Amino acid sequence: MSQMMGEDLDLTRSFAALRRGAWLLLLLAALAGAGTYFLFREQTPLYRADTMILSAGSQTGNQRVNDTLVSAPPLPPGAIKGALNSQNVQGVVRDRLAEIPDLTPAGRALLAADLDKAIATGKGATLTITGQSDLYGNGTFILSALHQNPRVAARLANLAGDALLDWDTQRGLVKVTAATDVLRLQLSDVERRLEQTGTSDRLPSNLRQTLLTQRSDRLDALNRLLALEKAVVGSLTIVAPAAVPSRPIAPKPLRNAILVGAFVFALLAAGVMIRASLNRRVGSDRDLKELGLRLMGEIPRLRLPRGGRSLLVALRLGRYSDSVGFLSAGIRNALPQGVDGGAPVVMVTSLFSGDGKSSMTASIADSRAASGERVLLIDADLRRPSQMSLWQMAAHAAEWVNLPGADPLPGEEARDLLGALQQPARAQARRLRENLHLISPRPASHDPGFLSSVAFRNAAAQWRGSYDLILVDCPPALAVADPLMLAPYVDGVLLILAADRATMGGVQRLLDALVLANANVLGVALNKVNPRERVTRYGYGYTQRPSMPLYHSPESKELKF
């Protein structure tokens with residue numbers, strides 16, 4: 001049963017990947033079709049002239065005509081195609097190319113070379129014939145000639161038709177010519193013997209009389225055969241000579257463009273579907289179930305904010321606020337309390353940079369603080385801290401407050417993450433809004449420092465009692481060792497994954513690393529989900545018409561929290 005579900009999932013994923021990339025595939029197919037169109041449009045037109053030839057049997061409906069005419073034997077199927085590419089037809093056409101006035105000397109030489117090649121190989125492209133005759137020699141054939149000049153094409157077709165009929169007529173003369181040659185030899189022999197008998201005024205002898213009779217018979221037979229040579233006919237007849245074509249048959253840029261565009265689209269679509277099937281990516285709760293992970297929530301893809309709004313403010317509006325609230329409630333239900341009844345410590349990490357973990361961490365902290373809970377937000381990314389930029393003016397203009405258990409002297413405050421962990425008695429945080437405090441590292445440098453897991457454990461134990469939730473924004477878990485070092489000392493780990501970006505194998509490696517670090521993986525929040533595909537079916541975006549953008553002052557043009 002599980003195998004069948006996997007196969008259905010792969011098929012669904014393939015079509016979903018095809019739907020997402022359809023616009024790109026159509027664009028590439030259109031570009032390929034346009035390129036094909038302009039390429040073929042620049043080619044020299046090619047014209048085809050056709051001559052219709054009828055093949056008929058040797059017998060007619062008139063017995064007297066049948067007795068008078070000498071007909072060529074019927075041609076077996078396929079014989080005409082072989083005869084066309086022989087020296088008897090194409091060789092004759094080659095020798096008569098001088099009769100075509102529209103041919104230049106260079107064109108005549110090129111055409112003669114093509115005909116010679118057809119004679120040598122038995123396959124030609126300039127002169128072709130299509131059609132088939134039955135066992136009795138009956139059939140219709142179309143002899144075609146191709147050339148860039150329509151008048152030359154028509155002349156070639158007619159020359160080839162005449163040469164083919166002459167060859168067919170010669171077939172009927174073979175026996176008559178052979179019989180004529182035999183009679184001539186016999187008559188010559190009779191004449192020689194008559195000369196040997198001499199001449200006499202007396203009555204001729206019996207031998208001479210016999211020879212004279214034989215000579216008379218041979219002369220009569222020879223005259224009849226000479227008369228039959230005029231009555232020899234072939235089995236082929238030209239029904240319609242070739243006319244000068246008015247339209248070229250090639251190139252056909254529009255047809256070729258459509259075919260190439262359709263082929264490119266089909267090829268790319270097959271590639272996308274195969275790649276989506278083989279390289280499976282995490283994009284739904286079904287994928288997470290196969291990995292043994294829980295779906296904590298889905299965050300719709302967010303457009304870049306306009307009008308001076310920050311990303312965090314955009315996440316407070318409409319469907320984004322609903323989905324963040326859903327995710328925040330899931331975390332609350334999964335970890336109602338931390339160690340010894342203190343605030344739960346939740347580490348937020350991801351597989352890749354750019355999955356949106358920092359913005360999700362800030363949004364969860366903002367949502368929980370807005371509900372009246374006390375939240376401590378820790379930016380633990382020493383190399384690329386981003387919480388300060390997310391909170392913008394709210395962070396830079398925030399006042400400093402002492403963390404639980406801290407009472408530093410003026411000028412001795414520890415206002416960065418490493419200092420706060422090493423000296424909790426001097427630690428201070430920024431108050432972003434009521435009930436929300438932020439600890440962030442110093443701006444990234446070449447030596448970001450080392451995050452001590454022991455110092456983190458001790459500091460977290462000291463701060464738990466004064467907060468309802470502690471959120472730790474960590475770098476991607478497989479990029480640096482910090483998340484794996486802190487994972488054993490937090491109550492839960494939330495994974496942020498961009499939908500349809502991480503592969504199943506990559507997420508499995510991340511999960512294995514966290515399990516080896518003895519981490520409690522709460523589940524996964526899928527970020528940047530296409531609202532048309534999945535989010536709307538859960539009802540996110542039920543309230544999408546806020547009266548005014550919250551936390552925005554049009555007078556100062558600054559964001560307020």
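## Stop 1

Begin with the nine strands that form an open sheet of mixed pairing, in the order 7-15-14-8-13-9-12-11-10. Its edges are strand 7 (295-300) and strand 10 (400-402), each of which pairs on one side only. Turn the view along the sheet: from one strand to the next, the twist averages 30 degrees. Keep in mind that this is a predicted model.

## Stop 2: an antiparallel pair

Select residues 428-433, strand 11, together with residues 436-439, strand 12. The two run antiparallel and are joined by three bridges. For one of the partners, pick Arg 430 and look across to Leu 438 in strand 12.

## Stop 3: strand 14

Now select 492-498, which is strand 14. Are its residues buried or exposed? Seven of the seven are buried, so the strand is largely enclosed by the rest of the structure. Show the side chains: Gly 492, Leu 494, Ile 496 and Ala 498 point one way, while Val 493, Leu 495 and Leu 497 point the other way.

Strand 8 runs parallel to strand 14, with five bridges between them; Ser 350 has Ile 496 as its bridge partner. Strand 15 also pairs with strand 14 in the parallel sense, over six bridges, and here Leu 497 is partnered by Leu 526. Trace the chain from strand 14 through helix 19 to strand 15 and you follow a right-handed β-α-β crossover.

## Stop 4

Then pick helix 13 (residues 357-370), which lies across several strands, among them strand 7, strand 9 and strand 13. Helix 13 runs at about 165 degrees to strand 13.

## Stop 5: the cores

Which residues have the most contacts inside the largest nonpolar core? They are Ile 378, Ile 439, Trp 463 and Ile 470, in a core of 49 residues. Elements supplying at least two residues each include helix 16 (417-422), helix 17 (453-463) and strand 14. Centre on Ile 439, whose contacts include Leu 376, Leu 403, Ala 420 and Trp 463.

Finish at a second, separate core of 32 residues, which includes Leu 115, Phe 141, Leu 143 and Ala 154.

Note on methods:
Residues numbered from 1 in each chain as written. Predicted model: local features only at pLDDT ≥ 70, side-chain atom pairs only at ≥ 80, totals over all residues. Heavy atoms only, no water. Pairing = 2+ DSSP bridges. Helix = DSSP H or I, 4+ residues; strand = E, 2+ residues; numbered from the N terminus. Axes fitted to C-alpha atoms, helices over the stretch in contact; angles between N-to-C directions. Contact = heavy atoms within 4.5 Å. Buried < 20%, exposed > 50% of the residue type's maximum accessible area, 1.4 Å probe, protein only. Right-handed = clockwise from strand over helix to strand, strands pointing away. Core = buried A, V, L, I, M, F, W, Y, C linked by side-chain atoms within 4.5 Å. Lists of a residue's contacts leave out its neighbours within four places in sequence.
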